Amino acid sequence: MTSIFRFAAVALALIASSAHAQITVKDAWVRATVPQQKATGAFMQLQSAKDTRLVSASSPVSPNVEVHEMSMQDNTMKMRQVPAVDLPAAKTVELKPGGYHVMLLNLPGPIKEGETVPLTLTFESKAGERETVEVQAQVRPLNSGSAPAEHGGHGSKAGYAH
Amino acid sequence: MTLENTEMATMKNRPSRRTLLTMGGLALIGLSGCQRKMVFNGIDVSGSEQGRDFELKDPEGKTRTLADFKGKAVMVFFGFTQCPDVCPTALVRAAEVKQLLGKDGDRLQVLFVTVDPERDTPEVLKAYTAAFDPSFIGLYGDLQRTAETAKEFKVHYEKVSTGSSYTMDHTALTFVYDPSGKLRLVLRHQQSAQEFAQDLRKLLL
């Protein structure tokens, strides 16, 4: 019995991993926190060969991971949990400061610069098929702008130009 | 139509010498007006009934008011440390503005007022602002003082529950004082460090 289950699990994993190849995640990073700071954001670039949507995320470093959208209305910053982020086929969708992000909440400990944070992203196709992608997000300093680290020099306009 | 008539019509439409002189005069007045009245990237709120003062605590528990920063330009931003996005971006920009000001950077004080004093303990505030620049000061009050301060600045904030926690909607504007302690400008979040620095240079002249 157990071996049948194991076989089934391995087979499923193989199917899932072949599906993963359709979704790429680039430049995943998390903003470092200071001690006692309970929340931070994760940012990345997502692309999928087929239409899909990011529906949830999880991480061993946080008991509560949510997908959020930041918006500015009349100079007021609002953050809201969103049910999903659409990924139209072959289009890069950026989770970045000033837009969508993955929120890590109720953190039991600080997220330290230089470490990596494992994230599991769950995507759902229009047909309702789910697949997950594992990502190792780099922890960047608290004072990072939105530009990728390699471009993030001083005077980096990219950090604020939305 | 004869050629003569056309000539006449053109003459009529040509501005008279007096008009030209008046226009020139107006342009001159306009120019000198520009020199006297400074043009800013931010919204000029000089003389408006807001942000006249505050009385909040710094992480060491010391009470701070505007008078403490006399002689410096002051930038005040309201936010909370659990904010993944707007607040760090605003503080990164503030640090960049300070750098852009060069030597005058020492004459700029950046204040971060928390709208979430329940979670933003003095320890978190201190470590948080120091991560951007050691000279930045985080300020807090109790719930009532926070509400009063926000009202004085016409800042809106609101606790909004999210799945497992709560977040704070808040006004994402930067308030700028001149070195005499008068509120002069409000800068928007979409504006760049360069735009901020240009305005501050004028206030620090």
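Which residue of chain A forms a salt bridge with Asp169(B)? Hold that thought for a moment, everyone, while I cover the ground rules.

What we have here is a predicted model, in which local features need pLDDT of at least 70 and side-chain atom pairs count only at pLDDT 80 or more, while totals for chains, interfaces and linings use all residues. Residues are numbered from 1 along each chain as its sequence is written, chains are lettered from A and ligands numbered from 1 in the order in which they are written, and side-chain values use heavy atoms, with hydrogens and water left out.

Now, back to the opening question. The partner is Arg80(A): Asp169(B) forms a salt bridge with it, and the closest N and O atoms are 2.7 Å apart. By salt bridge I mean a side-chain nitrogen of Lys or Arg within 4 Å of a carboxyl oxygen of Asp or Glu. Across the interface of chain B and chain A, the rule finds one.

The rule for polar contacts finds 12 residue pairs across this interface, both residues at pLDDT 80 or more. Such a contact is a pair of N or O atoms within 3.5 Å; within protein, one must be able to donate a hydrogen and the other to accept it, and residues adjacent in sequence count only if both atoms are side-chain atoms.

Which parts of chain B supply at least two residues each to the side that touches chain A? They are α3 (86–100), α4 (122–130), β7 (157–162) and β8 (165–171). Of these, α3(B) gives the most, with seven residues. Helices (H or I, at least four residues) and strands (E, at least two) are DSSP runs, numbered from the N terminus.

On to the interface as a whole. Counting contact as heavy atoms within 4.5 Å, 37 residues of chain B meet 39 residues of chain A. The two chains bury about 3000 Å² between them, 56% of it on carbon and sulfur atoms. That is the accessible area (1.4 Å probe) lost on putting the two parts together, summed over both. Gln82(B), Pro84(B) and Asp85(B) supply 20% of the area that chain B buries against chain A, more than any other three residues.
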